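Dear colleague,

Please find below the structure that I am handing over to you. My findings follow directly after it.

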Amino acid sequence: MDPGSTRAGVLPEPAAARPARRLSPRVRRAVLTAHIVFAVGLLGEVSAFLAVAVRAAGSEDPAFASAAYDLLALFQLLFGIPLSFAALGTGLTLGLGGKWGVLRYPWVTIKLALIVSVMLVGALVLGPSVDAMRGGDAGVEGRILAGAAWDVAALAVATALSVYKPGRGG
């Protein structure tokens with residue numbers, strides 16, 4: 001018998017395809033629960049962000065719009081940034097410590113790309129645009145609305161991928 005084969009004649013899974021250390025069921029459930037809470041919280045935060053941004057962009061009252069953009073900056077700082085990193089961290093922990101991996105299945109890789117895109121849109125589009133509006137520079141409302149709409153759509157797609165797990169190989 002070939003030293004690399006098993007009794008059934010099937011080669012074992014390559015070490016690179018297996019996680020280095022699997023999470024225990026109890027730890028996995030705790031991390032999964034935290035991941036769901038953080039991801040759903042982030043989806044709620046970006047949905048509220050979009051709603052406030054729509055209202056601010058349509059306002060004729062400069063004082064109201066200014067207060068709304070101050071609120072958006074607060075949303076980002078208190079909720080958006082921490083929830084993004086927490087969702088990313090718990091997602092990576094689940095991927096590296098579980099059967100799905102991080103790059104093994106397309107749906108997991110797409111979820112990773114989506115959360116990274118949400119973080120990049122927040123850092124490169126929403127943050128600077130909200131700061132510009134708070135500084136009195138008008139004309140970036142469209143960027144704020146487009147960025148927030150992207151974040152909502154990306155997180156909704158990530159949620160659907162988590163539920164349906166297309167191409168999960170089984």
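In which segment is Lys 165 found? Lys 165 belongs to the segment after H4. Please note that the model is a predicted one. The phi of Lys 165 is positive, near 45°, although the residue is not glycine. As background, most residues other than glycine have a negative phi.

**Overall composition**

The chain contains 4 helices and 0 strands. Along the sequence, the order of elements reads α-α-α-α. Of the 170 residues in the chain, 35% are buried. Considering contacts between residues at least 6 apart in sequence, 71% join residues that are at least 24 apart.

**How the helices pack**

Two packed helices are described by the angle between their axes and the distance between the axes. I take the helix pairs in turn.

For H1 and H2, the axes come within 8 Å and cross at roughly 160°. An angle over 145 degrees counts as roughly antiparallel, and H1 and H2 are therefore roughly antiparallel to each other. Their crossing is left-handed. Sorted by class, the contact of H1 with H2 comprises 24 nonpolar, 8 polar and 3 charged residues.

For H2, which spans residues 62-97, and H3, the axes come within 10 Å and cross at roughly 165°. This angle makes H2 roughly antiparallel to H3. H2 passes H3 in a left-handed crossing. The residues of the contact of H2 with H3 divide into 13 nonpolar, 4 polar and 2 charged. On the H2 side, the residues that meet H3 include Tyr 69, Asp 70, Leu 72, Ala 73, Phe 85, Leu 88 and Leu 92. On the H3 side, the residues that meet H2 include Leu 112, Ile 115, Met 119, Gly 122, Leu 126, Val 130 and Arg 134.

For H3 and H4, the axes come within 9 Å and cross at roughly 160°. That angle makes H3 roughly antiparallel to H4. The crossing of H3 and H4 is left-handed. By class, 18 nonpolar, 4 polar and 4 charged residues form the contact of H3 with H4.

**Helix H4**

Helix H4 covers residues 141-164 and has 24 residues. From its first C-alpha to its last, H4 reaches 35 Å, which is close to the 34 Å expected at 1.5 Å a residue. The buried residues in H4 are Ile 144, Gly 147, Ala 148, Asp 151, Val 152, Ala 154, Leu 155, Ala 158 and Leu 161. Among the elements that cover these buried residues are H1 (25-57), H2 and H3.

**Three individual residues**

*Ala 158.* This residue has its place in helix H4. Its relative accessible area is 11%, and Ala 158 is therefore buried, the cut-off being under 20%. Apart from neighbours within four places in sequence, Ala 158 is in contact with Lys 111 and Leu 114. Ala 158 and Leu 114 are 44 residues apart in sequence, while their C-alpha atoms are 6.8 Å apart in space.

*Ser 117.* This residue is found in helix H3, which runs over residues 106-134. With a relative accessible area of 17%, Ser 117 is buried. When residues up to four places away in sequence are not counted, Ser 117 touches Trp 150 and Ala 154.

His 35 counts as buried at 12% relative accessibility. Leaving aside neighbours within four places in sequence, His 35 is in contact with Ala 87, Thr 90, Gly 91, Leu 94 and Lys 111. Lys 111 is also a contact of Ala 158.

**Summary**

To conclude, the chain has 4 helices and 0 strands. The pair H1 and H2 is roughly antiparallel, and the crossing of H3 and H4 is left-handed.

With kind regards

Note on methods:
Residues are numbered from 1 along each chain as its sequence is written. This is a predicted model: local features need pLDDT of at least 70, side-chain atom pairs count only at pLDDT 80 or more; totals for chains, interfaces and linings use all residues. Side-chain values use heavy atoms; hydrogens and water are left out. Helices (H or I, at least four residues) and strands (E, at least two) are DSSP runs, numbered from the N terminus. Buried means under 20% relative accessible area, exposed over 50%, partly exposed in between (1.4 Å probe, protein chains only). Contact means heavy atoms within 4.5 Å. Axes are lines fitted to C-alpha atoms, for helices over the stretch in contact, and angles run from 0 to 180 degrees between N-to-C directions. Angles under 35 degrees count as roughly parallel, over 145 as roughly antiparallel, 65 to 115 as roughly perpendicular and the rest as oblique. A crossing is left-handed if the near helix is turned anticlockwise from the far one by less than a right angle, and right-handed if clockwise. Ala, Val, Leu, Ile, Met, Phe, Trp, Tyr, Cys and Pro count as nonpolar, Asp, Glu, Lys and Arg as charged, and the others, Gly among them, as polar. The expected span of a helix is 1.5 Å times one less than its number of residues.
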